[in-house]
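Student: I would like to learn how to read the packing of helices and strands in a model. Could we work through an example together?

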Amino acid sequence: MMKNISASHSFGLFVTSPIFCPNNLPVITLSSRSSRRSPLSIQSAVQFRPCIDIHKGKVKQIVGSTLKDLKGGDGLDPVTNFESDKSAAEYATLYRRDGLTGGHVIMLGADPLSKVSAFEALYAYPGGLQVGGGINADNCLSFIEEGASHVIVTSYVFNDGQMDIGRLKDLVQIVGKERLVLDLSCRKKDGKYAIVTDRWQKFSNVFVDPGVMEFLASFADEFLVHGVDVEGKRLGIDEELVALLGKHSPIPVTYAGGVTGMADLERIKSAGMERVDVTVGSALDIFGGNLTYEEVLAWHVRQKAYVV
């Protein structure tokens, strides 16, 4: 088990940067919406969920559909939109300062450097971040013990193209339903949204539809769904997918993929019936994009998220 560390050493590295210093924005702490279970009971506003994507120990924004396991030696590198000179812990401290909850740390690869970087982010914001990437029954509890609020799982459950209920039940037994997020990231196939695994390269035989979401909601606290066909490309959101999630997800769900500007946040809010939270990655200025973190944070604050 890794030794806990203080985040105070990293905070001073970026507080003077204009990118990491929203101007006099209020600091808030949002209430949990874990009680959200059906369209009729939901009266919560949309939340912005921050992200930290880690590849080989560095915070990066990568076009997810190009991230492959290169064991075959094809020599192709993933398409990287941005690589930060800030650490994962620094981003975590920023999110903690601004009261952003429910964000996720994703390890884009199982390398030791990425794992160390993920742990440092968890230490910087204990209980404030979810973690995913290579999570399984053997290691899931260690991430919870080191400060993750939830673990995020895809390939371990949707194994070899099929849903492995035994593995899913094992995870629930180890960390509990309330600590588990199922990543239902998907791509269009024959007009339906098929869940994809193994760095989004392999289509499963499981589709994101009302029945599947209803079934899986009994095992998980939340869903995380990347629209893989638009993720990282800043070409606009998958509005059809957002609408599907907003109408049919029985539990809290976060959508990621294709956000280019503030108008996309409003489209997600509308198409998702104010039931779908949103992650913004490559479009944000803190990740090399043109959309300012300050604007998104201010929008998030205006939503006045609450639970009735």
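Predicted model: local features only at pLDDT ≥ 70, side-chain atom pairs only at ≥ 80, totals over all residues.

Student: Which residues of H2 and H3 meet?

Tutor: From H2, Ala 88, Ala 89, Ala 92, Thr 93 and Arg 96 meet Ser 117, Glu 120, Ala 121 and Ala 124 of H3; by class, the residues of this contact are five nonpolar, two polar and two charged.

Student: How are H7 and H8 oriented to each other?

Tutor: The axes of helix H7 (residues 239-248) and helix H8 (residues 262-271) come within 8 Å and cross at roughly 40°, and H7 and H8 are therefore oblique to each other. Glu 239, Val 242 and Ala 243 of H7 make the contact with Arg 267, Ile 268 and Ala 271 of H8.

Student: Which strands stand at the edges of the sheet?

Tutor: The open sheet has 10 strands with mixed pairing, in the order E3-E2-E1-E4-E5-E6-E9-E13-E14-E15. Strand E3 (80-83) and strand E15 (276-279) stand at its edges, each with a single partner strand, so one side of each is left without a neighbour in the sheet.

Student: Which strands does H2 lie across?

Tutor: H2 lies across strand E1 (51-55), E2, E3 and strand E5 (129-132), running at about 175° to E1.

Notes: Residues numbered from 1 in each chain as written. Heavy atoms only, no water. Contact = heavy atoms within 4.5 Å. Helix = DSSP H or I, 4+ residues; strand = E, 2+ residues; numbered from the N terminus. Nonpolar A, V, L, I, M, F, W, Y, C, P; charged D, E, K, R; others polar. Axes fitted to C-alpha atoms, helices over the stretch in contact; angles between N-to-C directions. Parallel < 35°, antiparallel > 145°, perpendicular 65-115°, else oblique. Pairing = 2+ DSSP bridges.
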